[in-house]
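I opened this model to look up a few local features and keep a record of them. The entries below follow the order in which I went through them.

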Amino acid sequence: MSKVPDIKVEPPGPEAKKAVAKDDEWLVKATKSWPLVFKKAEGSVIEDVDGNKYIDFYAGVGVLNVGARHPKVVAAVKDQLDKYTHVAGTDFYCKLQNEVAERLAKSVPGDNKKMVFFSNTGSESYESAIKIAKSATKKQVIMDFLGAFHGRTTGSMSMTASKWVQREGYTATLMPGVYHVPYAYCYRCMYNLKYPSCNLHCVTAIEEIYFENQIPPNDLAAISMEVVQGEGGYVVPPKEFVKGVFNLTRKHKCLLIDDEVQSGMGRTGKMWAFEHFDIVPDIICSAKSLGGGLPLGATIVDAKLAFDRYGRHSNTFGGASLSHAASIATLDVIKEEKLLERGTKLGAEAKKRLQEMQEKYEIIGDTRGLGMMLAHEFVQDRKTKKHASKSRDKITELAFKKGVMLLPCGRSVVRYIPPLNIPEEQLDTGFDIVEECIKIVNKDRAD
Ligand SMILES: Cc1ncc(COP(=O)(O)O)c(C=O)c1O
């Protein structure tokens, strides 16, 4: 195997700079991170247009749990390309989407039969969840948590509460009937309490404060959550928090929507992150890694909640054939390569390593994660916990220049999400480089 990382010219190199300039000229501003311009990607290695090779620690923003261009995924897509590429799967029929639907429905534990609605993206899978919840319960209020992220389309953005830059200028016209309450972000408890002596005040507060004063529980169609918050900062709540929220939905006869767009498809060492918390949600949103690199979203619902007639909801590309072929291959790879077991094992070892870094470098305030969904939160001072956002950005920039692709989240968090089948050697080298960068910035802070 060729050497990785391999930085031949400091990125962005001359070819990358040209592509970035064109992008600035013709593309509407979105959410750019670093000036990485792709030439090729294979497994956990990305090559840029100047010949630099990087280790992938961001998995295409959580899309490539089985790595880039997995040979089985590529073969399945090529094979499908020779048959048909489009059927408008919501209007017509094809066996591919039946197979993905059956496999997804059966991947959810419990006795209740599940059914699936296909779309193209995470936002769309979440929008579908909202429509299904409102239609099934005939209620229109949804409660979610501060720090939540579900997308940037109007409905999903209304349910998102992680960064105001997405909402600014739209706030008065967002979807009504939405409430956000504090999440169990124990490192930064919004009630200034400590787990477990807090007795899960964040759960009791929902009943005793929010349901008493503001949110009529009888109006609730659903409580929505990411059981592990992603964009909000890779926040893993205590198990009792998730169970407590689930119990509230049973008590008040509303649904639990679990957005697993980022945490699902084996990322946490289980197929779905909710399996760590001994609950089964009523509606599960999936996307990102579901299509193995091709766009695919799915909303998995308790069969009792599914639309009762045709025409209530649909789309054009939701049954996209190439994406479904890729998805079947991806589900096969997760099983055949035992990626849940691998993610659990490598994730535990990596987390230990990240905790050891925390012991050495004051700038690391917290280490957290489940399976291979791992993160460090950076602080200016461990007592005040003031966010070290600029230092965090410096760490990710240094890592990019040294050949490891990282992605930030939250206000001062770096997520570590390599493909689940990354070779151990690349994983170790990647963390060696991450540590080098943290060491430098720990000494020479940017905040
Ligand atoms: C939990 C979660 N839900 C929804 C989305 C939106 O997905 P997409 O960007 O595919 O619309 C994301 C994207 O990061 C996400 O992390």
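I began with methionine 265, which counts as buried because its relative accessibility is 1% (buried means under 20% relative accessible area, exposed over 50%, partly exposed in between, with a 1.4 Å probe and protein chains only). Its phi is near 55 degrees, a positive value in a residue other than glycine, and I found methionine 265 in the loop between strand 8 (255-259) and strand 9 (283-286); helices (H or I, at least four residues) and strands (E, at least two) are DSSP runs, numbered from the N terminus.

Before going on I noted that this is a predicted model, in which local features need pLDDT of at least 70 and side-chain atom pairs count only at pLDDT 80 or more, while totals for chains, interfaces and linings use all residues. Residues are numbered from 1 along each chain as its sequence is written, and side-chain values use heavy atoms, with hydrogens and water left out.

I then looked up alanine 88, where phi is also near 55 degrees, a positive value in a residue other than glycine. Alanine 88 sits in the loop between helix 3 (71-81) and helix 4 (95-107), and I list alanine 88 as buried because its relative accessibility is 15%.

Next I checked the peptide bonds. The bond from valine 4 to proline 5 is cis, with omega near -10 degrees, and the bond joining proline 11 and proline 12 is cis with omega about -5 degrees. I place proline 5 in the segment before helix 1 (14-26), and proline 12 lies in the segment before helix 1 as well.

Turning to the ligand, I listed residues around it, including Phe149, His150, Glu226 and Gln262 (a residue is near a molecule or strand if one of its heavy atoms lies within 4 Å of it). For individual atoms, I found a ligand nitrogen 2.7 Å from an N or O atom in the side chain of aspartate 259, and a polar side-chain atom of lysine 288 that lies 3.1 Å from a ligand oxygen.

Last, I asked which cysteine has the sulfur closest to that of cysteine 186. The closest cysteine sulfur is in cysteine 198, at 6.2 Å, so the two are too far apart for a bond, a disulfide being a pair of cysteine sulfur atoms within 2.5 Å. By this rule I count zero disulfides.

Key. Polar contact = N/O pair within 3.5 Å; in protein donor to acceptor, adjacent residues only side chain to side chain.
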